[in-house]
Amino acid sequence: MEDSFLFNMKTILVTGGAGFIGSNFINYILKNRDDYFIINLDKLTYAGNLENLKESETNKNYIFVKGDITNNELVNFLFGKYKIKYVINFAAESHVDRSILGAEVFYRTNVIGTNVLLEAARRFNIEKFLQISTDEVYGSLGPTGLFTETTPLSPNSPYSSSKAAADMMAMAYHHTYGLPVVITRCSNNYGPYQFPEKLIPLMIINALNNKKLPIYGDGMNVRDWIYVIDHNKAVELVFEKGKVGEVYNVGASNEMPNLQIVKLILKHLNKNEDLIEFVKDRPGHDRRYAIDSSKIQNQLGWKPEFTFESAIEHTINWYLENKSWWERILTGDYLKYYSEQYSNR
Ligand code: NAD
Ligand code: DAU
């Protein structure tokens, strides 16, 4: 690759780009911009899937590197080779239930891995480091109120504590070394290519297979849902215009109890509510998340564009039309995880 080619591009290390949000981001960006060169560094864990990136794999502004963000040597090599000026760090272990079954890999990837990236970013003097975080770092809300960017961090699960640690490290690198860090904290995403361990795809696929739909506790835990492309657009905007040293909450003001979502999925698929099964609650289950996204709306001009009604319909239809994508997942490792997670509930 010619140095002059890279010189004219925004060379971005996107980590975790084979996962759900990262792959939607890369596909979206490569369709809409020709000034970004993306180096996608992904370990291809159980959650990483190159099939998600079929439409992007031959794009001249894109390359894929299989590797681990905790690999110092590899990360430094990539920064030098591709003259990386920007990092967007999506890579993470992302599932709360798995973090309860085994926390270690969460701290390794989400904390140590982020530290490796921050160190390389510092050494190579990059122009922006965008840390993709989550509203779960704020903990749980009561029946009223919203998370703002100044809500104290109070994570409750191994997953969210690892993400909170990464946020604090990133900000410490900003304050101590002047590293140009920005953080986004988004609420629950849904859309195509989401791994069927998360609520919405798991319920769609179980319903299609006439399997029981396991609802934790009373089903009245509330999440604030956003379509993945709305999140991706917010990431693009914060990457372009976000002020260094700032945190931006991202959410679509779409709170819903889990039971309501599951019933809606069943209705859409013409399936009977008898499939619903209330099971033992998730330990430490956060009751309610709800995001105040007025800062990104007022300061950067972002707003969600998709309504829940149309985007959930699109998502359900995507799973109906892409059976082969998820059927390939429902094999060995997934079945083992499913049985460990759900058999004794
Ligand atoms: P995902 O689990 O679908 O994808 C994670 C990706 O990271 C996978 O491709 C995986 O292979 C890769 N990865 C994991 N460990 C790695 C390592 N050590 N080195 C390199 N790559 C590695 O996750 P997602 O749902 O797409 O979430 C992406 C990011 O967004 C995460 O940081 C998550 O915390 C954050 N987030 C997710 C949501 C959500 O609702 N899913 C909401 C807010 C924020
Ligand atoms: O809020 C952002 C976070 O949203 C992200 O940071 C995480 O990466 C992402 O996984 C998600 O975390 P949640 O724990 O909210 O998502 P999950 O899909 O696992 O669960 C959503 C809700 O549904 C939660 O209240 C638990 C419940 N649930 C989930 C599963 C998998 C069930 O009742 N039954 C289930 O089988």
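Start by selecting S133, which stands opposite R185 in β6. Strands here are DSSP runs of E with at least two residues, helices are runs of H or I with at least four, and both are numbered from the N terminus. This is a predicted model, in which local features need pLDDT of at least 70, side-chain atom pairs count only at pLDDT 80 or more, and totals for chains, interfaces and linings use all residues. Residues are numbered from 1 along each chain as its sequence is written, chains are lettered from A and ligands numbered from 1 in the order in which they are written, and side-chain values use heavy atoms, with hydrogens and water left out.

**The sheet**

Select β5 (residues 128-134) and β6 (residues 181-186): these strands run parallel and are joined by six bridges. Two strands count as paired if DSSP finds at least two bridges between them. Now show the whole open sheet, whose seven strands pair in parallel in the order β3-β2-β1-β4-β5-β6-β10. β3 (62-66) and β10 (247-250) are the edges; each has a single partner strand, so one side of each has no neighbour in the sheet. From one strand to the next the twist averages 20°.

**Ligand 1**

Which residues come nearest to ligand 1? Of the 28 around ligand 1, they are I21, D42, S94, Y159 and K163. A residue is near a molecule if one of its heavy atoms lies within 4 Å of it. Select D42: a polar side-chain atom lies 2.6 Å from an oxygen atom of ligand 1. At I69, a polar backbone atom is 2.9 Å from a nitrogen atom of the ligand. Alone, ligand 1 exposes 840 Å², and the protein buries 97% of that. Accessible areas come from the Shrake-Rupley method with a 1.4 Å probe. β5 gives the largest share of the shell around ligand 1, three residues.

**Ligand 2**

Finish with ligand 2, where D135, E136, Y159, R282 and Y342 come nearest of the 26 residues around it. The side chain of E136 has an N or O atom 2.6 Å from an oxygen atom of ligand 2. For Y342, a polar side-chain atom lies 2.7 Å from an oxygen atom of ligand 2.

Definitions and conventions:
Polar contact = N/O pair within 3.5 Å; in protein donor to acceptor, adjacent residues only side chain to side chain. Axes fitted to C-alpha atoms, helices over the stretch in contact; angles between N-to-C directions.
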